[in-house]
Amino acid sequence: MLHLWFTDNLLGISWVDSGWVPILNPGNVLDYFSERSNPFYDRTCNNEVVKMQRLTLEHLNQMVGVEYILLHAQEPILYIIRKQQRQSATQVIPLADYYIIAGVVYQAPDLGTVISSRALSAVHGIQSAFDEAMSYCRYHPSKGYWWHFKDQEEREKAKPKTKKKEEPSSLFQRHRVDTLLLDLRSKFPPTFYQITCSSFAVEVKKEPEPPTEAVKQEEREPATKSSAPAPPSKPPPEKRARLQ
């Protein structure tokens, strides 16, 4: 079973005949491809019948079955050969493509194989990432889950301790705060009250003026007080001689 799968799936192998490499050209590349040691060549194809009968390749259009044609040539490095199923002179079904680079023959993968290979590679990478992430996960009933990296402690010790300058706010924060304030102002506009003078009117009561006679009497009293004689001042005490 494994041998049958290996013979059907030829994407992982290549073939080369070093004797043909220096003389390869568009005229003999199909003869090079039809070598008996080439695992990509089908012996039951129409090319083999034409070769045995010594006919030209133009007779392939008049036959029905599997055939090989030269699809593209870029001398002297690249040649593309197509395997196809001919049903009539104008109708063919492509089966596989083969490319020859510097004399080495490879089978071109189909679209399904390419998508399957890329998906398998992506799944393998994701699975490897999950496995590596789970190896750093730790759990303790009292602490819960945390990440423990092998190089984390060494990196923290190697890093120089520098104090970063803490900015009060960034440009984005200031711009965002201004936007929020404008939005709040538009939703809840401030109300202004008009102040009138009548609301602050104060009644001023006039005191009754004293009669003129009382004012004149008050003016006379300080004058009489100033004209009164001052009391006599006491003389300084006499100095007495001390008895020796």
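Trainee: Which residue stands opposite Val105 in β5?

Mentor: Two strands are said to pair if DSSP finds at least two bridges between them, and strands themselves are DSSP runs of E with at least two residues, just as helices are runs of H or I with at least four, both numbered from the N terminus. Here Ile100 stands opposite Val105 in β5, and strand β4 (residues 92-101) pairs with β5 in the antiparallel sense over 4 bridges. Please keep in mind that this is a predicted model, in which local features need pLDDT of at least 70 and side-chain atom pairs count only at pLDDT 80 or more, while totals for chains, interfaces and linings use all residues. Residues are numbered from 1 along each chain as its sequence is written, and side-chain values use heavy atoms, with hydrogens and water left out.

Trainee: Which residue takes a positive phi in the hairpin of β4 and β5?

Mentor: That residue is Ala102, with a phi near 55°, in a hairpin that has 2 residues between the strands. Strand β5 (residues 104-107) also pairs with strand β1 (residues 15-16), in the antiparallel sense over 2 bridges, and the bridge partner of Val16 in β5 is Val104.

Trainee: How many aromatic pairs does the structure hold?

Mentor: Rings of Phe, Tyr and Trp (its six-membered ring) pair if their centres lie within 6.5 Å, and planes under 30 degrees apart count as stacked, over 60 as edge-to-face and the rest as tilted. The structure holds 10 aromatic pairs. In one of them, the rings of Phe33 and Tyr68 have centres 5.3 Å apart and planes at 55°, so the pair is tilted. This pair links distant parts of the chain, since Phe33 belongs to helix α2 (residues 29-33) and Tyr68 to strand β2 (residues 65-74), 35 residues apart. Ring pairs also link Phe33, Phe40, Tyr41, Tyr68 and Tyr98 into a cluster.

Trainee: Are Phe33 and Tyr68 buried or exposed?

Mentor: Buried means under 20% relative accessible area, exposed over 50%, and partly exposed in between, with a 1.4 Å probe and protein chains only. Phe33 is buried, with a relative accessible area of 1%, and Tyr68 is likewise buried, with a value of 1%. Tyr139 and Tyr145 form a tilted aromatic pair, 4.5 Å centre to centre with 40° between the planes, yet Tyr145 counts as exposed at 63% relative accessibility.

Trainee: What lies over the face of Trp146?

Mentor: A charge sits over a ring if NZ of Lys or CZ of Arg is within 6 Å of the ring centre and within 35 degrees of the ring normal. In this model Lys143 lies over the face of Trp146, at 5.6 Å from the ring centre.
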